[in-house]
Amino acid sequence: MRFAAILLLSLIPGLLFADENLALKVVRIPLNQNEPAVVKLGTRGITTLEFPDKIEALDGYGFSVNPAPDGPELFQISFNKGTNFLSLRAMREGVEGNLTVVLGGKIYCLFCKAVPDPSFVVIFGNFSGKEISDPHEDLAKNKQVSPARLLGFLDKIKAFPSLKVSAPEIFQNMDVTEPNTQSSLDGLEVTLRRVIRDNSLDSLGFEVELVNKTDKDFVYDPESFGVRVGDEVYPQTISDAGGLVSAGKTQTVIFVVAGNATGGRNDLAATNKFDIVMRQVIGERDPHRTVPAEWQEPPNTVPTVQSGWQEPALPTAQSGFTPSQLRAVSDEKVRKSHKHRAKPSPTVNRSNQLPERDRNGKTVAQDDE
């Protein structure tokens with residue numbers, strides 16, 4: 001009897017863990033005409049796709065309503081005209097294919113592939129106005145993630161190369177992609193090495209490699225990182241960045257995007273095409289700048305002050321310098337949706353100098369330019 005009780009207690013955590021994994025079978029992906037959406041299918045069950053509009057047309061090679069068991073078809077498809085959903089199933093392990101869907105006169109592409117861990121439901125559309133039947137679930141999903149959990153997620157991203165070998169179960173419920181896409185900004189090569197999504201936090205972690213290929217230091221705002229997906233910009237929530245890439249050096253930056261700029265959920269898949277956004281700081285740091293030598297009074301002279309001359313005013317701080325927002329992949333302007341954007345540091349006007357003096361030590365009046 002005691003053995004049966006111990007066995008039951010040992011199985012309870014596993015059952016709870018399995019129920020938690022089932023929640024990850026429902027995937028939400030925003031529609032994007034610029035990039036195919038990845039749909040994970042299985043061979044032993046169906047995956048249902050829901051769209052925000054009625055399906056006007058479908059087209060794809062290897063998709064059949066009644067495929068033969070040993071036929072050449074790759075996927076089985078179930079669809080009723082006039083509806084906004086369809087169901088798919090892979091006929092064999094490892095098959096891949098693309099399906100074209102027409103919604104509202106617009107064409108969208110789906111990349112379907114058979115995987116061991118398929119999705120049960122894939123919901124496409126804009127989720128900002130999504131209604132949830134359970135209000136407690138709505139509050140739970142929109143609850144702000146604690147800083148401690150975000151710091152823990154940041155540490156997991158930094159230690160991913162070693163943790164995926166020593167403790168791979170940590171990333172069992174996370175989506176990991178390695179796009180290795182490159183862009184450049186003023187001699188700085190920017191490579192997106194890795195994207196990790198934690199569905200429980202509605203957060204994505206980004207590992208970016210910065211390579212300075214110039215002979216000058218590259219200065220940037222460490223709090224300005226973000227990603228662009230289509231027309232939307234998602235600013236960073238937390239980051240690990242130094243703010244300076246020395247000439248000819250390489251630096252790795254880690255940052256996390258949690259939710260969106262308005263405080264809601266982002267529901268972004270790790271397979272999206274992300275453009276890295278960052279702000280270069282210009283004019284605030286010049287390692288080659290030298291301090292001018294202090295003026296010395298000529299020997300054996302007694303300087304006299306001309307009538308009407310006044311001591312020049314001390315220099316005052318002015319805030320006429322504002323670094324512009326730059327994007328690493330193109331020259332288009334980034335929409336002002338950053339919540340955690342740091343203000344630029346003011347520069348000091350050092351144009352006021354001591355008056356010139358002649359050989360006898362007297363001041364010389366200067367004409368206004």
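Predicted model: local features only at pLDDT ≥ 70, side-chain atom pairs only at ≥ 80, totals over all residues.
## Cavity

A search of the whole structure finds one cavity of 30 Å³ or more. The largest cavity has a volume of about 110 Å³. It is lined by 15 residues, and I29, P30, E35, P36 and A37 are the closest to its centre. Two elements, β2 (37–41) and β9 (106–114), each give two or more residues to this lining; β9 supplies the largest share, three residues. By class, the lining holds 11 nonpolar, three polar and one charged residues.

## E35

E35 sits in the loop between β1 (26–29) and β2. E35 is buried but has no salt bridge. The nearest side chain of opposite charge belongs to K273, 7.1 Å away. The backbone nitrogen of K273, however, lies 2.4 Å from a polar atom of the E35 side chain.

## Salt bridges

The structure holds 10 salt bridges. One of them joins K25 to D117, with the closest N and O atoms 2.2 Å apart. K25 is in the loop between α1 (2–22) and β1, and D117 is in the loop between β9 and β10 (121–124), 92 residues apart. K25 is buried, at a relative accessible area of 14%.

K158 pairs with D240 at 2.9 Å between the closest N and O atoms. K158 is partly exposed at 43% relative accessible area, and D240 is partly exposed at 31%.

A salt bridge also joins K213 and E189 (2.9 Å, N to O). K213 counts as exposed, at 59% relative accessibility.

Notes
Residues numbered from 1 in each chain as written. Heavy atoms only, no water. 1 Å grid on protein atoms, 1.4 Å probe; cavity = no way out; pocket = protein on both sides within 12 Å on 5 of 7 lines; lining within 4 Å. Points joined across faces, edges and corners; volume = space filled by probe spheres on them. Helix = DSSP H or I, 4+ residues; strand = E, 2+ residues; numbered from the N terminus. Nonpolar A, V, L, I, M, F, W, Y, C, P; charged D, E, K, R; others polar. Buried < 20%, exposed > 50% of the residue type's maximum accessible area, 1.4 Å probe, protein only. Lys, Arg positive; Asp, Glu negative; His and termini not counted. Salt bridge = Lys/Arg side-chain N within 4 Å of Asp/Glu carboxyl O. Polar contact = N/O pair within 3.5 Å; in protein donor to acceptor, adjacent residues only side chain to side chain.
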